[in-house]
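Here is a walk through one protein model and the ligands it holds. Keep the structure open and follow each stop in turn.

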Amino acid sequence: MADRPLVLGIETSCDETGVGIVRGETLLVDAIASSVDEHARFGGVVPEVASRAHLEAMIPTIERACTTAGVSLREVDAVAVTSGPGLAGALMVGVAAAKSLAVGLGVPLFGVNHLASHVAVDIVEHGPLPEPTMALLVSGGHSSLLLVPDVTNEISSLGSTIDDAAGEAFDKVARVLGLPFPGGPHIDRAAREGQVTIDFPRGLTTGRDLERHRFDFSFSGLKTAVARWVELRQRAGEPVPVADVAASFQEAVVDVLTRKAVAACRAEGVGHLQIGGGVAANSRLRALAQERCDAAGVELRVPRPGLCTDNGAMVAALGAQMVLRGRTPSDLGLSADSSMPVTEISA
Ligand code: KG4
Ligand code: ZN
C-alpha cells in the first residue's frame with residue numbers, strides 16, 4: 001500500500017451523512033448531507049428520521065465526494081467508518097455501506113470511534129498530533145478531557161460530564177430562549193450582541209466538588225439556573241434580554257471548559273491542547289482557550305469550525321492513521337456499538 005494511503009471515511013452517528021477522503025495526512029474532500037432541518041421542528045434529532053435520511057443520502061454523498069476529489073473508488077486503499085458511539089440505527093447505515101464498499105473494492109475496513117475521530121481530524125488541519133496531546137472533546141453527546149498518547153491506540157479519560165454534555169446544554173438553553181435547534185450556533189451569534197451581565201453557576205469548580213471531580217464537568221445545574229432566571233423575568237412581565245443571557249450562559253460554559261483543560265495540561269505536564277467536537281466551533285470558546293493557553297505556555301490546536309462539527313473527513317483522517325501505523329483492520333462481522341467507550345479507538 002502507498003505510503004500516503006487513500007482512505008474514504010463514512011460518518012453517520014447522528015444527523016450528518018459525512019463522506020471524507022484523505023490521502024495520508026492531506027484532506028482531499030469533506031462532503032456532507034445534513035438532515036438537521038428535518039429534526040428542527042422536534043427540537044432534537046429523531047433517530048428514525050436520521051436513519052432514513054442517511055440511507056437516502058449515502059450513495060449521492062459518496063459520489064459527490066469522489067467527483068469533487070477527482071478520485072475513482074477503485075483507487076481507494078481502505079474504508080473507515082464510525083462504528084460508535086451514536087444512534088444505533090444511524091450507525092448501522094454507515095457500517096453497512098462501509099462493509100459493502102470494502103468487500104466490493106477488496107480493501108481493508110476500519111470501524112473507528114467517533115470521539116477519537118474528533119481528535120484525529122486535527123491532523124489533516126495542523127499536521128501530526130504531538131504525543132501526548134491533551135484533548136478537550138465537547139459535542140452534543142459528550143464532554144471529556146482526554147489524555148492522548150496515540151490517537152490510533154491509546155486514549156485515557158481524565159474526566160467527563162457527570163450529567164449534560166456541553167452541546168446539550170447549549171441546545172437546551174437555546175430552547176429556553178426561543179432560539180432554533182441546534183442551539184449552539186444561535187447562542188454563539190446572539191452572545192456577540194450581548195454582555196456578560198449575569199453570574200451563572202460554574203459546576204464542580206469549588207470546594208469538595210472540585211476535589212472529587214477535578215477534571216469532570218456538570219452543566220445541568222447551569223441549564224436549570226438559566227431556565228429559572230428566564231422564568232422569573234417572564235413571570236414579572238419583564239422582557240428577557242436574550243443576548244445578555246446567551247453571553248452570560250456561554251461564558252459560564254467556556255470558563256469551566258478552558259479552566260479545567262489548562263489545569264489538566266499543567267497537572268499532566270502536557271504542552272499541547274487540542275479541542276474537538278461541535279462545541280469547539282464556538283467563537284468565545286476558541287478565543288478564551290487561546291488566551292488561557294497563551295498565558296499557560298500551552299500550544300492550542302483547534303480545527304476550523306467545519307471540521308469541529310460531525311463530518312466524514314474526521315473518520316477518514318483517523319482511518320488513514322490506522323493504516324499508516326499498521327493497525328489491524330476490523331473484520332467483516334463489524335457491528336455498530338451505540339455506546340462504544342471513548343477508550344476503545346477501533347472495533
Ligand atoms: O460534534 P457534533 O457535531 O455532534 C455530536 O457528536 O454530538 O456536536 C453537535 C453539538 C450541538 O449540541 C451543537 O449545538 C453544538 O455542537 N455546536 C455549538 C456550536 N456549533 C455547534 N455549540 C456552541 N457554539 C457553536 N458555535
Ligand atoms: Zn460528534
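A pocket, as the word is used here, is an open set of grid points where a 1.4 Å probe fits, with protein on both sides within 12 Å along at least five of seven lines. A molecule sits in such a pocket if more than half of its atoms lie within 2 Å of the grid points. The model is predicted. In it, the space taken by ligand 1 is the largest pocket.

Start with that ligand. Ligand 1 is surrounded by 20 residues. Gly 140, Asp 171, Asp 188, Gly 278 and Asp 310 are the closest of these. By residue class, the shell holds 12 polar, five nonpolar and three charged residues.

Now look at what supplies this shell. Three helices, α4 (114-120), α6 (166-176) and α7 (183-192), each provide at least two of its residues. The largest share comes from α7, which gives four residues.

Next come the polar contacts. Gly 140 uses a backbone N or O atom, placed 2.8 Å from an oxygen atom of ligand 1. Gly 167 also contributes through its backbone: a polar atom there is 3.1 Å from an oxygen atom of the ligand. His 114 works through its side chain, with a polar atom 3.2 Å from a ligand 1 oxygen. How much of ligand 1 does the protein bury? Taken alone, ligand 1 exposes 550 Å², and the protein buries 88% of that.

His 114 leads on to the metal. The zinc ion, ligand 2, is coordinated by NE2 of His 114, NE2 of His 118 and an OD atom of Asp 310. The distances run from 2.0 to 2.1 Å. Asp 310 is also among the residues closest to ligand 1. How are the zinc donors spaced in sequence? The pattern is H-x3-H-x191-D. Both histidines, His 114 and His 118, belong to helix α4. They stand four residues apart, about one turn of the helix.

Finish with the backbone. The peptide bond between Gly 84 and Pro 85 is cis, with omega near -10°. Pro 85 falls in the loop that links β4 (78-84) to α3 (88-105). Phe 181 and Pro 182 are also joined by a cis peptide bond, with omega about -10°. Here Pro 182 lies in the loop between α6 and α7, two helices that each supply at least two residues to the ligand 1 shell. One further residue deserves a look. Leu 204 is not a glycine, yet its phi is positive, at about 55°. Leu 204 sits in the loop between α7 and α8 (207-212).

Conventions:
Residues numbered from 1 in each chain as written. Chains lettered and ligands numbered in written order. Predicted model: local features only at pLDDT ≥ 70, side-chain atom pairs only at ≥ 80, totals over all residues. Heavy atoms only, no water. Near = heavy atom within 4 Å. Polar contact = N/O pair within 3.5 Å; in protein donor to acceptor, adjacent residues only side chain to side chain. Areas by Shrake-Rupley, 256 points an atom, 1.4 Å probe, with all protein chains shown as cover. 1 Å grid on protein atoms, 1.4 Å probe; cavity = no way out; pocket = protein on both sides within 12 Å on 5 of 7 lines; lining within 4 Å. Nonpolar A, V, L, I, M, F, W, Y, C, P; charged D, E, K, R; others polar. Donors = N, O, S within 2.8 Å, 3.2 Å for Na, K, Ca; no water.
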